[in-house]
Amino acid sequence: MDAEPVLRLRPLERPDLPFVHRVANDSQAMSYWFEEPYESLAELVDIYERHIHDVRERRFVIEHDGQQAGIVELVEIDYIHRNCEFAIAIVPEFQGRGLAYEATRAGIRHAFDILNLHKVYLIVDVENVKAVHIYEKVGFVAEGVLREEYFASGGYRDAVRMAIFQRDYWAQA
């Protein structure tokens, strides 16, 4: 019997920057992050150097069977209020395999079990139905709609702020 494919999150390292650069310049992926897909590799290296010791950020590479499949970020970590923002991007060739669900669970597990955060939140385009479904399956709950919050793909987009609490994560784990 074949072994299950292995997914793991590992810290982002300097050699991963060309991969991150490819993801950051993918217009489809960045439209979901409400960001312009325009960043030079030199700029990315500079950002990496400035943020390498920033305790308010955790960035991970998603590996699937040893291949780079995406990125998970825990950013804006607030150690007083014990919350952070979650973001994920799966590269197109790895989409549709259930990796977003597994990587989201792994990122949330890190936030609650390692960082001991109280709440993790995210902002997602209301039209990104697949992502909303995954987040709900993990345990995120909608907190509200941010009307015309972002300009992406030629128009203003509504977004949903969703969150999960540590107690709710632990109750379902």
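## Packing of helix α5

The buried residues of α5 pack against β4 (83-90), α4 (99-114), β5 (119-125), β7 (155-165) and α6 (166-172). The model is predicted: local features need pLDDT of at least 70 and side-chain atom pairs pLDDT 80 or more, while totals for chains, interfaces and linings use all residues. Residues are numbered from 1 along each chain as its sequence is written, and side-chain values use heavy atoms, without hydrogens and water.

Helices (H or I, at least four residues) and strands (E, at least two) are DSSP runs numbered from the N terminus. Buried means under 20% relative accessible area and exposed over 50%, partly exposed lying in between (1.4 Å probe, protein chains only). Contact means heavy atoms within 4.5 Å.

In α5 (residues 129-138), Ala131, Val132, Tyr135 and Val138 are buried. They lie on the same side of α5 because they cover an arc of only 125° around the axis, the arc being that of the directions from the helix axis to the C-beta atoms.

| Set on α5 | Residues |
|---|---|
| Buried | Ala131, Val132, Tyr135, Val138 |
| Exposed, on the face turned away from the buried side | Val129, Lys130, Lys137 |

Just after α5, Gly139 takes a positive phi of about 125°.

Glu63 belongs to strand β2 (residues 58-64) and is buried, with a relative accessible area of 12%. Leaving aside neighbours within four places in sequence, Glu63 is in contact with Val6, Leu7, Arg8 and Arg10.
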